Amino acid sequence: PCTARKQLLGILVLVSSEELSERSHLMAQQTASMLSLKLLEGYETRQKQLNRLLADIISDNVKEEQLANLGLKLTQGFYSVAVLTGKGEKAIGYLEEAAKQVRSVEGTQLVIPNGNELILIGSFYSKDKSMPTYLSLLKDWLEKKKYPLTVVQGTLVDKVSQLGESLKLARKSAQAALQMNALGWQEQKD
């Protein structure tokens, strides 16, 4: 196992036709340690990029190429924004599980952990502005789990310059719903 900070980052599998010598076993452990460092470095770099993206969206300085570099390209269709939040220490664990669930869905979406909230940004094609697949699957998953989280989907937008406003409104709605102990999927309030 390649681990860092008590988190599994990957698994190194060695295939050998014979039993490994003690020396070979130690070399495999060193290789796993080096791989862990590289994986952690890549993870931290990605987190820094996502944090910078979030700051740029909030300050209305986001560029299409930033999103494209992170895998979100929009030739036609919409950008989606959603905010998940919860109260208390257990909420962080629930948000981490929700993040894993979103990451497991095939498609183009970014997951940005931000304290006691999870920001989801995606791109998808739809003629009728329906809910993106990853959000629909997340909604179903959360309803089954019954986690004490509040979720607000922001307004679907077709321009990068509109992401900041959609995110700000979704965050305000999520915080208001959380203050009123309204859990589950919430409609965004303007």
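Helices here are DSSP runs of H or I with at least four residues, strands are E runs of at least two, and both are numbered from the N terminus. With that settled, let's go. The model is predicted.

First, the overall picture. The protein chain has 190 residues. Its secondary structure comes to 5 helices and 7 strands. Read from the N terminus, the order is β-β-α-α-β-α-β-β-α-β-α-β. Along the principal axes, the C-alpha atoms fill a box of roughly 65 × 35 × 30 Å. Of the residues, 41% count as buried. Now take the contacts with a separation of 6 or more: 68% of them join residues 24 or more positions apart.

Next, strand β3, residues 78-86. How many of its residues are buried? The count is 9 of 9, so the rest of the structure largely encloses this strand. In a regular strand, side chains alternate between the two faces of the sheet. Here F78, S80, A82, L84 and G86 point one way. Y79, V81, V83 and T85 point the other way. Both sets are buried.

Which strands pair with β3? One is β5, antiparallel, over 8 bridges. Within that pairing, Y79 has S123 as its bridge partner. Another is β6, residues 149-153, also antiparallel, over 5 bridges. There, G86 stands opposite L149.

On to the nonpolar cores. The largest has 23 residues. Which of them touch the most other members? L53, L67 and L163. The elements giving two or more residues to this core are α1, β3, β4, β5 and α5, where α5 spans 163-179. A second, separate core has 21 residues, among them A82, A98, L142 and W185. Back to L53 for a moment. Setting aside residues up to four places away in sequence, L53 touches V62, Q66, L67, L70, L110 and I112.

Now the pockets. Rolling a probe the size of a water molecule over the atoms shows where empty space is left. The largest pocket holds about 400 Å³. Its lining has 13 residues, and Y43, E96, A99, R103 and P113 lie nearest the centre. Which element gives the most to that lining? Helix α3, with 6 residues. Both α3, residues 89-103, and β5, residues 117-124, supply at least two. By class, the lining has 6 nonpolar, 3 polar and 4 charged residues.

The second largest pocket has a volume of about 150 Å³. Its lining is Y43, R46, Q47, L50, R103, V105, G107, Q109, L110 and V111. By class, that is 5 nonpolar, 3 polar and 2 charged. α1 gives the most, with 4 residues.

Last stop: L20. Where does it lie? In the loop between β2, residues 7-10, and α1, residues 22-58. Leaving out neighbours within four places in sequence, L20 is in contact with L14 and H25.

That's the tour.

Note on methods: Residues are numbered from 1 along each chain as its sequence is written. This is a predicted model: local features need pLDDT of at least 70, side-chain atom pairs count only at pLDDT 80 or more; totals for chains, interfaces and linings use all residues. Side-chain values use heavy atoms; hydrogens and water are left out. Contact means heavy atoms within 4.5 Å. On a 1 Å grid over the protein atoms alone, a cavity is a set of points where a 1.4 Å probe fits but cannot get out, and a pocket is an open set with protein on both sides within 12 Å along at least five of seven lines; lining residues have an atom within 4 Å of a point. Grid points are joined across faces, edges and corners, and a volume is the space filled by probe spheres set on the points. Ala, Val, Leu, Ile, Met, Phe, Trp, Tyr, Cys and Pro count as nonpolar, Asp, Glu, Lys and Arg as charged, and the others, Gly among them, as polar. Buried means under 20% relative accessible area, exposed over 50%, partly exposed in between (1.4 Å probe, protein chains only). Two strands pair if DSSP finds at least two bridges between them. A nonpolar core is a set of buried Ala, Val, Leu, Ile, Met, Phe, Trp, Tyr and Cys residues joined through side-chain atoms within 4.5 Å.
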